[in-house]
Amino acid sequence: MHNHIEHLLPEAIKNLMPYQSARRIGATGHLYLNANELEQPLPGCMLEHPLNRYPDFKPQQLANAYLDYCMVDADCLAVRGADEGIELLVRTFCAPSVDSILICTPTYGMYEICATAAGVGVHKVPLTSEFQLDLAEIEKLLPKIKLIFICAPNNPTGNLINASSIRQLLEKTKDSHIVAVDEAYIEYSEQDSTMPLLAEFPNLAIIRTLSKAFGLAAVRCGFVVSNQNIIDALRKIIAPYPVPDPCADIAITALQAKNVEQMRISVEQQNEIKNRFCAQLIKSDLVEHIFPSATNFVLVRFKPNVNPFDLLIAHGIVTRNQSHEPALQNCVRITIGSEQSMAEIITALNKKKRDVS
Ligand code: PMP
């Protein structure tokens, strides 16, 4: 396969010989004395199977299970949560003190943190008033950029990014930039995934996670889905044994057809709870606007002087304050929980209203 992205790799990465871990080298024998593991597991420290050996460096069964779930003909790298995928993309494609990423704010905070920590520049283009990509402004900055993160649906705003604008961006950057689309919340609006674009755009990498709709945040399992050239580049610098065996086992189980079906039912339920919650919430005099959500959270703008975060925390309800974002004054991000949890929020707001009147 022609390597369409090799020219986008920093020299240091292009020339890097990956660490030759015992699992990467392979080799078969009857005694494995090549990885400084304890040859016999201690009896107290076992789950269903022994844990004394390092896991696979490329857990293929897990990658295949995820690709089956996505129904896409592509390559896939299992990572320690989507956060590790973000970090790998930055460190693989951006040279410190040379390259920069572009993000469209307000958006998920880890893109900036990963880049800054790696000595990589960060350029920000605010989303439009509709929280959509400002393609004209993005285009102006392209000469300074190597890697673009698009969070779709976006966190913390909750909205979808227009598919046509993502396609336009991919077309403009096909030979010159990597575009990473973070689909951490895509299960809540599955039909809007950019997966079908992988076949067309060699510069597209999609970041996914089991932390949200699959309910496995504690397992720390995510994926980068892309073509083989991009995945091979990420594999050059990924830690030698990226996914712990117990996590891979749980993830493979979660991706079995019957469990995917359960996940889809749960997503539907959460979407219904979200709709009912929003219908109640909008009746509150304290609320100014509820932004449309394609995720498992809603961004809510309250009237000036309400201080929604403080108000709710006084009732023991912890939400995410967004007031530090210039575009999100008086806003909180509220995760959709159970029907009862959402009812508690409505009760707390109604109580405040009574106190005021
Ligand atoms: N991307 C987005 C948009 C997120 O909101 C989050 C989690 N808050 C992540 C990535 C990280 O997910 P993970 O738990 O898989 O590291």
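Student: Which conventions apply to the model?

Tutor: This is a predicted model, in which local features need pLDDT of at least 70 and side-chain atom pairs count only at pLDDT 80 or more, whereas totals for chains, interfaces and linings use all residues. Residues are numbered from 1 along each chain as its sequence is written, and side-chain values use heavy atoms, with hydrogens and water left out.

Student: Into which domains is the protein chain divided?

Tutor: Domain bounds come from an automatic or database domain assignment. Here the chain is divided into domain 1 (6-255) and domain 2 (259-356). Their centres, taken over C-alpha atoms, are separated by 30 Å.

Student: How is the interface between domain 1 and domain 2 described, and how much area do they bury between them?

Tutor: The size of an interface is often given as the accessible area lost when the parts come together. Buried area is counted with a 1.4 Å probe as the accessible area that two parts lose on being put together, summed over both. For domain 1 and domain 2 this comes to about 1700 Å², with 62% of it on carbon and sulfur atoms. F131, P156 and Y188 supply 34% of the area that domain 1 buries against domain 2, more than any other three residues. In terms of contact, meaning heavy atoms within 4.5 Å, 21 residues of domain 1 touch 19 residues of domain 2.

Student: How many salt bridges and polar contacts are counted between domain 1 and domain 2?

Tutor: A salt bridge is a side-chain nitrogen of Lys or Arg within 4 Å of a carboxyl oxygen of Asp or Glu. The count between the two domains is 1 salt bridge. A polar contact is a pair of N or O atoms within 3.5 Å; within protein, one must be able to donate a hydrogen and the other to accept it, and residues adjacent in sequence count only if both atoms are side-chain atoms. There are 5 residue pairs in polar contact between domain 1 and domain 2, both residues being at pLDDT 80 or more.

Student: How is a strand to be read, and is β1 enclosed or open?

Tutor: Helices (H or I, at least four residues) and strands (E, at least two) are DSSP runs, numbered from the N terminus. Burial is judged by relative accessible area: buried means under 20%, exposed over 50%, and partly exposed in between (1.4 Å probe, protein chains only). In strand β1 (residues 75-79), 5 of the 5 residues are buried, so the strand is largely enclosed by the rest of the structure. Both of its faces are covered, with D75, L77 and V79 buried on one side and C76 and A78 on the other.

Student: With which strand does β1 pair?

Tutor: Two strands pair if DSSP finds at least two bridges between them. β1 pairs with strand β7 (residues 222-226) in the antiparallel sense, over 5 bridges. The bridge partner of V79 in β7 is G222.

Student: Which residues of helix α3 are buried, and what covers them?

Tutor: In α3 (residues 60-70), the buried residues are L62, A63, A65, Y66, L67, Y69 and C70. Their cover includes β1, β6 (204-209), β7, α9 (245-254) and α10 (257-281). After α3 comes M71, whose phi is positive, near 50 degrees.

Student: How many salt bridges are there by this rule, and which residue pairs with R220?

Tutor: The count comes to 15 salt bridges. R220 forms one with D83, the closest N and O atoms being 4.0 Å apart. R220 lies in the loop between β6 and β7 and D83 in helix α4 (residues 82-93), so the pair ties together parts that are 137 residues apart in sequence. R220 counts as partly exposed at 31% relative accessibility, and D83 likewise at 25%.

Student: Is R235 buried or exposed, and which residue forms a salt bridge with R235?

Tutor: R235 is placed in helix α8 (residues 228-237) and counts as buried, at 7% relative accessibility. Its salt-bridge partner is D232, with the closest N and O atoms 3.6 Å apart. Being 3 residues apart in helix α8, D232 and R235 are separated by about one helical turn. D232 counts as partly exposed, at 35% relative accessibility. Not counting residues up to four places away in sequence, R235 touches R24, F57, K58, D75, C76 and L77.
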